[in-house]
Amino acid sequence: MSKVNDLTEVFRNGGHLLFYRVPEMIRETGKEYTQDVVFGLTFLMIALLAGWRMVIYFDPNGGGKATTAFYALILGCASMRSIWFLIPKSALEGSYAPIPAEAFVTPLWSGALFSQILVSLGSLCLYSVFILIICYWANMLRKVEHVEGPESSQLTAAQRSLARYPRTPKRGRGPMLNFTIIMSILMLLEIMNIIAFLLDLYNADGMMLLDSVLMSIISIVSLIEISIFSHRIRFVMMTIGVINANSTKPQVRRILAFTIAANIFFSWRMLLEVILMVIFLYVWRMNKALYVVFSHQFWDVYINTKHWSEVVVLVLELVISTAKKTPVTAPPAAGNTVRIRRRDYQRINEMKATELRPQIGNELL
């Protein structure tokens with residue numbers, strides 16, 4: 001294949017797509033360049049704010065570890081998005097809309113790969129914020145629902161003292177370990193996607209297709225988990241408020257606000273990813289390039305709706321987590337409408353306050 005600096009058209013030769021010049025219809029326009037600069041600076045400001053808050057609340061131990069990780073993930077997401085938007089697309093892929101670049105064949109294929117890596121890492125950091133909160137909420141609820149009473153604890157200690165070879169009881173996995181396992185699996189899937197591209201199993205469009213499938217699945221699972229855990233944890237918070245005669249309404253309102261924002265974001269993002277996935281499948285079936293279907297207007301709409309929703313949800317996460325976290329002590333109101341079952345009262349009352357506080361969302365939200 002003869003090398004030409006400027007690409008003109010796309011044609012098929014021996015099963016490979018060869019690019020000699022990027023068509024005018026997918027070159028980056030001045031309006032799109034300005035749009036990317038605005039996005040890049042917006043994400044940069046979010047990254048600086050998240051980094052500042054991470055430094056203020058930096059604590060690698062105890063409950064502060066969750067807060068540090070929370071702001072670090074927001075910082076990672078905003079930084080990846082800022083880098084991706086501030087690098088001109090002409091320098092990376094030679095086009096604004098995606099091109100079906102093939103590894104080691106298409107000119108600028110490495111730029112297309114680097115661009116997709118930035119997008120994937122930014123998406124993983126964004127979703128990992130919600131996954132982190134889900135892990136901590138699940139851990140807190142597990143402690144509430146499987147708490148051991150004093151009688152059972154004494155019996156277990158007596159059994160260990162009489163045993164010939166006493167063994168230390170196994171502790172369940174902590175929330176950070178569960179979070180690390182989940183993110184390691186997702187990262188492994190992304191690495192496998194990159195390796196498949198480098199092995200020429202599919203082109204850059206195929207990478208985007210599999211990334212859309214993965215993000216759609218994460219959106220559905222996160223939407224379900226956050227809705228379930230939020231309902232249960234708000235009930236626990238109200239129960240604790242009644243037991244300790246403390247007002248937990250600020251925490252409950254923050255959790256509810258976070259849940260609503262997450263549900264709207266995941267629903268909208270899932271819709272976008274499913275639409276993109278259907279278009280990719282249509283393109284593959286018709287044996288065409290993605291830019292043939294996506295004109296400037298359609299791709300601009302996709303970029304704006306996708307990334308402005310990310311800006312909104314990141315800002316909401318920072319605002320909600322910045323709200324005052326200290327509960328106000330107040331006597332329980334007469335005729336309180338919170339219905340507490342006796343077993344729930346006993347379970348929560350038997351637990352130490354120091355065991356409940358870090359997982360309730362007081363450290364994260």
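**Helix pairs in a predicted model**

The axes of helix α1 (residues 30-56) and helix α2 (residues 64-86) come within 8 Å of each other and cross at roughly 160°; axes are lines fitted to C-alpha atoms, for helices over the stretch in contact, and angles run from 0 to 180 degrees between N-to-C directions. α1 is therefore roughly antiparallel to α2, a term for angles over 145 degrees. The crossing of α1 and α2 is left-handed, that is, the near helix is turned anticlockwise from the far one by less than a right angle. The residues of this contact comprise 16 nonpolar, 5 polar and 3 charged. Ala, Val, Leu, Ile, Met, Phe, Trp, Tyr, Cys and Pro count as nonpolar, Asp, Glu, Lys and Arg as charged, and the others, Gly among them, as polar.

This is a predicted model, in which local features need pLDDT of at least 70 and side-chain atom pairs count only at pLDDT 80 or more, while totals for chains, interfaces and linings use all residues. Residues are numbered from 1 along each chain as its sequence is written, and side-chain values use heavy atoms, without hydrogens and water.

Helix α7 (residues 204-244) and helix α8 (residues 249-286) have axes that come within 8 Å and cross at roughly 160°. α7 and α8 are therefore roughly antiparallel to each other, and their crossing is left-handed. Their contact involves 23 nonpolar, 11 polar and 4 charged residues.

In total, the protein has 12 helices and 4 strands, which are DSSP runs (helices H or I, at least four residues; strands E, at least two) numbered from the N terminus. Of its 365 residues, 47% count as buried, with under 20% relative accessible area (1.4 Å probe, protein chains only).

Definitions and conventions: Angles under 35 degrees count as roughly parallel, over 145 as roughly antiparallel, 65 to 115 as roughly perpendicular and the rest as oblique. Buried means under 20% relative accessible area, exposed over 50%, partly exposed in between (1.4 Å probe, protein chains only).
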